[in-house]
Every structure is written in C-alpha cells, then in structure tokens.
Amino acid sequence: MSQAGRPLPDLEYADFAPFWQGTARGELRVPACVRCGRRQWPPRMACPACGGLDFAWSSIGDRGRLYSWTTIGRAMLPGFESEVPYTVVIVAAEADPRIRFVGRLDPAHEPPAHELPGIGDPLVAVFVPVEDVVLVYWRPDPGGPVPSAQEVQS
Ligand SMILES: [Zn+2]
C-alpha cells in the first residue's frame, strides 16, 4: 500500500515494467511481435496472430478515442474514498484501435457528468506522477480528429 493509501502499480513486475518505464518518459508503449509486427495489449506470452514469442516495445502515441466509460460513485478499494465520483474509460489507441487502454479521466480536468465525452470522441493521454510511478489519465482532446460520417453511422 502506498503512502497515499491507494494501490499503485508494481514497477518490478516484469511483464509491465516497460510500460511504466515508458510513462516515466511521457510515452505509451506497447509490445509488438518481432515476427509479424502485431501490437498487443495487455502483454501476453505469445503473439495471438502468429505464435511468436519475442516482442519489442515502442510508443503508440498519446491519442485515442473513447471506446466505453463508466462513472464510479462508490470507492471499492481503500484510498479512493476522496476521489469518487470518477470516470473510468476504455480508450482505443488512435494508431491501432485494436489496442485498448483502461484508464480514467484526468481528475484535474474531469468535466461535469452532462459534459462527459461521447463514444468515439478524441482523447489525449496525460502523464501524472504519483509517488514513484507516472500514471496515465485521459482528457478530452478538442483538437483531435473528428469521427467521419461513416464511423458515426457504424
Ligand atoms: Zn506475431
């Protein structure tokens, strides 16, 4: 348990260590299969496309689109009591929409409930140091790409 009283990522956990090393540099990094190039998230032992076992981590950019969200009204873990309500989001990476991150809206810029972003709206990652880890929050990205009419209809 951290000093803040809330659980924080284990930076020593090898499967995710490259991700947290990336956030410390302001990058969202994901592993890609060395054999076929397919990115994956979360990390897996083997590539689901070709079975490859070797991966290279690289940045996927800091932009995404809202895939889904929910607002948490009741703290289910210790340390979050002072933060409710907050909004958890699933964000599809702009560079590869198959890659979806679970995160939360930036509490410093969380809009009121009636102004929450809509599904498909552009979001941008922000990197927020908390103790010895840099967490990723998401903010609406008014300068981001607008969904095309075809995307809106599908
Ligand atoms: Zn592969």
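Helices (H or I, at least four residues) and strands (E, at least two) are taken here as DSSP runs, numbered from the N terminus. The model is a predicted one, so to speak: local features need pLDDT of at least 70, side-chain atom pairs count only at pLDDT 80 or more, and totals for chains, interfaces and linings use all residues. Residue numbers start from 1 along each chain as its sequence is written.

Now for the barrel. Five strands close up in the order E3-E4-E5-E7-E6, with mixed pairing. On average, neighbouring strands of this sheet are turned by 45° against each other, direction ignored (axes are lines fitted to C-alpha atoms, for helices over the stretch in contact, and angles run from 0 to 180 degrees between N-to-C directions). Two strands count as paired if DSSP finds at least two bridges between them.

Strand E3 (residues 63-72) has partners on both E4 and E6. With E4 (residues 86-93), E3 pairs in the antiparallel sense over eight bridges, and Thr70 sits opposite Val88 in E4. Three bridges tie E3 to E6 (residues 122-130), again antiparallel; Gly64 has Leu123 of E6 as its bridge partner. The E5 and E7 (residues 133-140) pair runs parallel, over two bridges, and here Arg104 stands opposite Tyr137 in E7.

Off the strands, Arg98 belongs to the loop between E4 and E5 (100-105). Arg98 counts as exposed because it has 10 C-beta neighbours inside 10 Å; the cut-offs are 20 or more other C-beta atoms within 10 Å for buried, 12 or fewer for exposed, and partly exposed in between, with C-beta atoms placed from the backbone. From Arg98 to Pro122 the separation is 24 residues in sequence and 15 Å in space, C-alpha to C-alpha.
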